[in-house]
Amino acid sequence: IVYQAADSLMRDLMDTAYITGQRPIDIVGLHTDQIHDGILHITQRKTKARLRFEISGLLAEIISRRAPENGGYLFKNSRGGRLTRDVLGRHFLALRKQLQTEHPELELANFQFRDLRAKSGTDAYLMTGDKNAARQQLGHTTEAMTNRYIRQEKVLKPLK
């Protein structure tokens with residue numbers, strides 16, 4: 001419901017966070033200088049982990065929609081400057097509060113933008129069945145850290 005009510009900027013931010021599994025600080029800082037030969041290069045600010053994402057599918061659509069012709073940051077604030085993590089947080093919080101008022105039956109109070117990172121890691125694990133795939137997606141050095149992000153275990157098949 002948050003995604004459906006969001007404007008196009010917030011949707012692109014949410015999609016980028018989910019499909020890359022990156023932290024909000026790394027998403028708002030995406031710049032055209034990080035794109036080379038069809039690959040988006042991200043060096044995580046927190047851990048300095050270096051990740052490379054093929055620019056295809058939804059990521060390619062977002063970049064083509066958001067990348068300025070003469071280069072620059074992909075996500076901008078209302079004045080055309082670089083979007084900061086704080087502005088993203090305030091924008092997301094305002095959207096969530098609006099939806100809590102409109103839909104009090106939903107449990108939105110604890111939903112945060114950064115939850116998309118855990119969902120990305122969980123879904124990477126569930127799709128592949130490989131925790132290493134989730135670990136790589138999130139840029140973790142240890143499986144133990146990835147285990148903290150995975151919110152759902154794989155569904156097991158009963159023995160025949």
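This is a predicted model: local features need pLDDT of at least 70, side-chain atom pairs count only at pLDDT 80 or more; totals for chains, interfaces and linings use all residues.
I'll start with the core. In soluble globular proteins, nonpolar side chains tend to be buried together. Here, the largest nonpolar core has 27 residues. Those with the most contacts inside it are Val2, Met10, Leu13, Met14, Phe75, Leu88 and Phe113. Several elements each supply at least two residues of this core, among them α2, α4, α5, β2 and β3. The largest share, five residues, comes from α2.

Take Phe75 as an example. Leaving aside residues up to four places away in sequence, Phe75 touches a list that includes Leu9, Leu13, Ile27, Ile62 and Leu83. Charged side chains are on that list too, including Asp12 and Arg66.

Next, the helix pair. How do α2 and α4 cross? Their axes come within 10 Å, at an angle of roughly 140 degrees. Angles over 145 degrees would count as roughly antiparallel, so α2 is oblique to α4. The crossing is left-handed. On the α2 side, the residues in contact are Ser8, Leu9, Asp12, Asp15, Thr16 and Ile19. From α4 they meet Leu58, Leu59, Ile62, Arg65 and Arg66. By type, that contact divides into five nonpolar, two polar and four charged residues.

Last, the loops. Asp37 lies between β1 and β2, and its phi is near 50 degrees, a positive value in a residue other than glycine. Lys48, in the loop between β2 and β3, has a positive phi of about 70 degrees and is not a glycine either. Are these two buried or exposed? Asp37 is exposed, with a relative accessible area of 81%. Lys48 is exposed as well, at 57%.

Note on methods: Residues are numbered from 1 along each chain as its sequence is written. Side-chain values use heavy atoms; hydrogens and water are left out. A nonpolar core is a set of buried Ala, Val, Leu, Ile, Met, Phe, Trp, Tyr and Cys residues joined through side-chain atoms within 4.5 Å. Buried means under 20% relative accessible area, exposed over 50%, partly exposed in between (1.4 Å probe, protein chains only). Helices (H or I, at least four residues) and strands (E, at least two) are DSSP runs, numbered from the N terminus. Contact means heavy atoms within 4.5 Å. Axes are lines fitted to C-alpha atoms, for helices over the stretch in contact, and angles run from 0 to 180 degrees between N-to-C directions. Angles under 35 degrees count as roughly parallel, over 145 as roughly antiparallel, 65 to 115 as roughly perpendicular and the rest as oblique. A crossing is left-handed if the near helix is turned anticlockwise from the far one by less than a right angle, and right-handed if clockwise.
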